[in-house]
Amino acid sequence: MVAQRVRKCFVGLYPLDDSAEGRRAYAMAMDNPSELVAKPQREGGGYNTYGDDIPRLLGGLSVEKQRGYILMDLIRAPAFSNVLLRNGKLVTSDVVSELGIYGIWVR
């Protein structure tokens with residue numbers, strides 16, 4: 001079915017709050033962190049936490065501070081060889097692509 005093929009292109013996002021879903025996500029992060037990334041909800045991107053660093057991060061935060069993060073399934077995109085421009089030089093490297101689609105609704 002087409003819908004199932006399309007769903008394979010997306011990853012899960014999970015809250016880290018004190019809801020039942022948030023507590024399940026917390027437990028999932030503690031049990032299997034290698035499949036997740038913890039992302040802070042702030043401007044500028046970056047500051048993500050991966051793998052075994054996730055339990056250390058979340059274990060040191062109160063539930064209130066955990067609300068500032070979400071968990072996302074780790075994207076395991078296939079790598080391919082490409083040529084990059086770094087510091088004015090062409091460098092061949094394995095790379096992955098990620099497509100971010102953003103929208104806005106104005107009314």
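**Entry 1: Arg67 and its partners**

I looked up Arg67 and found it partly exposed, with a relative accessible area of 40%; I note here that the model is predicted. Arg67 forms a salt bridge with Glu64, and I read 3.5 Å between the closest N and O atoms of the two residues. Glu64, at 54% relative accessibility, counts as exposed, because the cut-off for that word is over 50%.

**Entry 2: other salt bridges**

I asked how many salt bridges the count comes to, and the count is 4. One of the pairs I looked up is Glu35 with Arg76, whose side chains meet at 3.4 Å, N to O. Glu35 sits in the loop between α2 and β2 and Arg76 in the loop between β4 and β5, so this pair ties together parts that are 41 residues apart in sequence. Of the two, I noted Glu35 as partly exposed at 36% relative accessible area, and Arg76 as exposed at 56%.

I next turned to Arg56 and Asp53, whose side chains meet in a salt bridge at 2.3 Å, N to O. Both residues lie in helix α3, where they are 3 residues apart, about one turn of the helix. Arg56 is exposed, with a relative accessible area of 58%, while Asp53 counts as partly exposed at 40%.

**Entry 3: helix α2**

I took α2 as a whole and noted that it has 12 residues and reaches 17 Å from its first C-alpha to its last, which is close to the 16 Å expected at 1.5 Å a residue. Which residues of α2 are buried? I found Gly22, Ala25 and Ala29 to be buried. Looking down the axis of α2, I saw the buried residues fall within an arc of 60°, so they line one face of the helix. On the other side of α2, Ala20, Arg24 and Asp31 are exposed. I also checked what the buried residues pack against, and the elements are β1 (13-15), β2, α3 (53-59) and β4 (69-73).

I went on to Pro33, which lies in the loop between α2 (20-31) and β2 (36-40). Is Pro33 buried or exposed? Pro33 counts as buried, because its relative accessibility is 9% and the cut-off for buried is under 20%. Leaving aside neighbours within four places in sequence, I listed the contacts of Pro33 as Met28, Gly51, Asp52, Ile54 and Pro55. I also looked up Thr92, which is 59 residues from Pro33 along the chain, and the C-alpha atoms of the two are separated by 31 Å.

**Entry 4: Val83 in strand β5**

I looked up Val83 in strand β5, which covers residues 80-86, and found Val83 partly exposed, with a relative accessible area of 48%. Apart from neighbours within four places in sequence, Val83 is in contact with Leu90, Val91 and Thr92. Tyr26 is 57 residues from Val83 along the chain, and I noted 39 Å between their C-alpha atoms.

Val2 is found in helix α1, residues 2-7, and I recorded Val2 as exposed, with a relative accessible area of 55%.

Methods:
Residues numbered from 1 in each chain as written. Predicted model: local features only at pLDDT ≥ 70, side-chain atom pairs only at ≥ 80, totals over all residues. Heavy atoms only, no water. Helix = DSSP H or I, 4+ residues; strand = E, 2+ residues; numbered from the N terminus. Buried < 20%, exposed > 50% of the residue type's maximum accessible area, 1.4 Å probe, protein only. Contact = heavy atoms within 4.5 Å. Expected span 1.5 Å × (residues − 1). Arc of directions from axis to C-beta.
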